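Biologist: Hello! Could you walk me through this model, one question at a time?

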Amino acid sequence: MTIRPFRTLLLFVLALSTSVVTVAQDQLLPEAFDFAPEIPRDASVPSPEDFLGRETGEYYTMHSDVVRYIHAVAEASDRVTIQEYGRTYEGRALHVLTVTSPENHARLESIREANRELADPSTDSARAAELVANNPIVTWLSYNVHGNEPSSSETAMEVLYLLAAGQGPAITDLLDQSVVLIDPVLNPDGRDRYVYWYKSMRSKQLRVSADDLEHTEPWPGGRTNHYWFDLNRDWVWLVHPESQGRIRVFQEWMPQVHVDYHEQGFNNNYFTMPGKPPRNLNLPEDYDSWADMFGRATGEALADNQVNYFTRESFEFFYPGYGSSYPSIMGAIGMLTEQGGHSRGGRAVETNDGYVLTLRQRTWDHFATSMAVVEAAVQHRQELLAYFREFFNPERAESATTAYIIPDDQGHGYAGDVIDLLLKHGVEVEQADEAFSLEASDYWTASPSRHSFEAGTWIVRTDQARHVMVNTLMQRQMEIESYDMYDMSTWSIPLAFNLQGAAWTEQDIRVATSTVTEAPSRESGVTNPDARYGYVMDWRQQHAPKALGMMWEAGYDVRSARRTLGVGDKDYPVGSIIVLNGRNRDRMDRIATDMQRIASEAGVQIEGYDDSRVDRGMDLASADARVIEKPRVVLMLDSPFGSETAGQIWYLFDQRIEWGIDRVRGNNFASLDLDEVDVLVFPPGNLSAMLDSVQTARVSRWIRQGGTLIGSESAASYLTGSRTGLSSAELVRVEQDEEDEPEIDERVYTRYEDRRDSTNAERVSGSAFRAILDNSHPLAAGMPERMFTLKFGTDALQPSRSIHTVGYYDRDAENLLASGFASQENREKLAGNMFAGVQQMGSGKVVFLLDKTQYRMFWLGPTRMLVNSIMLMHGM
């Protein structure tokens, strides 16, 4: 009798769930979301349904099947050509489709050249008017940059089919007056990671509850690429092959319209343009009205089918590395759409208001807005081409800056990488043929004064076609009209790359220059390769860590300098690598050849010396030349750690340094033999889920026996004494004087409607702070004494005699913030406190790195600290 009520309830729940599933199954392919059935199609062009053997919306399509389909369409239609523009890390092909009339296909190169002419301010007005009157509009549609937002690649196939096979003037007129570029899958590795997983978890019976397994993807998810990078933040920085190939084609075409198709949480209605502030105020004011026009066109297409949508309430386009913002600083109307669904959408999911959202509808919604954009672009073809033409006119720039100045760092930093990056985006760069001086403002003080620059200094003038991009990327401080943003608040290149001596000027630079057409190359090799005594490598060189890894792999006894040394006009910093012949006698027959090979392959300079004695500082065989053995490094990842920083660290060592580190899942930590580990890296995450009292004690013993533990970002905060007892480090806390009477915080009276912006203003969201480094310490070896650190949040360590302070924030709260935003309260809290430090514990140490050291692999100024903590600290 006691079981019966439970059994009755169970049967009721099962019956209820079955009825819900039955309704959802019937609604999987609703007729309301058919793809323009009123337009007849050319039967010789295969439809997605015929080619794939199922209707769109029944299942997700693997990338390989998308590729097979787009090739089949290109072979069947004279309206379509296909171009492979790259390969992902996992070897998947990246494609862009060119869809236009056969007549336009016959003159594609002249259309591209006309676009380039329109973007050239030197094109005379009569020629420009002719191009505006006659050239097709170029519209680029980008789908599936986030792999677990998968509906848009299904959309890409339906849009391609309609444009390739559609009959009648509604389609042919579009193709006569436009060139449509379709990138069907921007992130194939992420997409297939998600789709493989979803297929393996899918039930035969459709499950619409978001709690079901098929609606909850595992770590790291499919959003990111192979190394867990968000490709929708990489449009400017070009770290990855997906971005590199795409931007190369983008620069060839220079489209006037671009839309980036995304998905958001399944309970959200469709978002279309325009977005919300802040916006990039370097853009023309007309951009807003064009975004509004396209938003109204897409909104009307959705409203015609009673699809819920909204505008202006979410999504800002301040950060320039989005697929919605990069095209805008390149003269296009860059836009974003966001469909409800995302990774939890599955084939169908029940939303919080009881609506069953299907994959078929998600695909159709994007289809409707895609076609609305193509149509609106054609309707406003000449006006958009005129906007595009005027965009590149440098006379419309409002900045007083005339040029940005980048001294050559001789390969000790990232100046050459910055020049290469700017050239890939079509920016004009010059190089001074002679020394010059003028009044300029350096990025550290931001105050104008007389500066002198050597011959070879790079000059980026603002009086050029790419003036919007130049100012957007090079300004020390962008004007911020609202703090309600969901990404970083600064990305200034000279700060991110910590370019020493970089400056900007409002004066005309009068010096002979040469045009730079290719990235600077650096000499590499060995001076005195047959050195009698040993070899030294300057640790300031960008690729020195790669060379060190190669020395280890070749079996060499390697040492690192704990003090500086100098010979003649050459000075070596702390951390410089020393290889002594006398400690590598078993390799004397090949040491000269190996040093030359390593220098050449790594791209570094190595100097050979015939004696230990030097002119200044420690000798080569000094006791301060500490042996650094190859460590076994373990990077913890998977739950409970986040994938972003873990992926960046993995990428840094795997791709840039080309030296392997082990990756261990968090749920295997308890079984990890720490006696076999030298360096343990904790990226940010919920460490309390892994480090119970037993595991904390185990880690503590390991450190005292000689292990090096590195805490990155929030993991560093967690390793403090009050949280784990693992160290004596403590976070800075703002405490009220006991004698002060408590005051009511005025913020409690903020109106409800204003609270989001008010709360955001209290955050530190990706701001650049002035920082001081102790580069006599191995953790900051090879780095300058000053740096711009990228700050998210307000955690900092209290300076203490028990912890070596290696990096601290500028002690002057008024000068602390270099770019972005931070409240006075937060600046006062952080000023003078520590973000990088080392605590010795027995024979080992804990390294604290509270700020982001390699963010998105473009904020590279602090990166050497992470590298040092892994490659040098264990032996020093």
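**Chain and sheet**

Modeller: Gladly, and I start with burial: 60% of the chain's 876 residues are buried (under 20% relative accessible area, 1.4 Å probe, protein chains only). This is a predicted model, where local features need pLDDT of at least 70, side-chain atom pairs count only at pLDDT 80 or more, and totals for chains, interfaces and linings use all residues. Residues are numbered from 1 along each chain as its sequence is written, and side-chain values use heavy atoms, without hydrogens and water.

Biologist: What radius of gyration does the chain have?

Modeller: This radius is taken over C-alpha atoms, and the globule rule is 2.2 Å times the number of residues to the power 0.38. For 876 residues, a compact globule would come near 29 Å, and the chain agrees, with 29 Å.

Biologist: Which strands stand at the edges of the open sheet of 6 strands?

Modeller: Strands are DSSP runs of E, at least two residues, numbered from the N terminus, and two of them pair if DSSP finds at least two bridges between them. The order is β18-β24-β19-β23-β20-β26, with mixed pairing. Each edge strand has a single partner, so one side is left without a neighbour in the sheet; these strands are β18 (525–527) and β26 (625–627).

Biologist: Which residue in β24 is the bridge partner of valine 526?

Modeller: β18 pairs with β24 (residues 605–609) in the parallel sense, over 3 bridges. In β24, the partner of valine 526 is isoleucine 606.

Notes: Helix = DSSP H or I, 4+ residues; strand = E, 2+ residues; numbered from the N terminus. Buried < 20%, exposed > 50% of the residue type's maximum accessible area, 1.4 Å probe, protein only.
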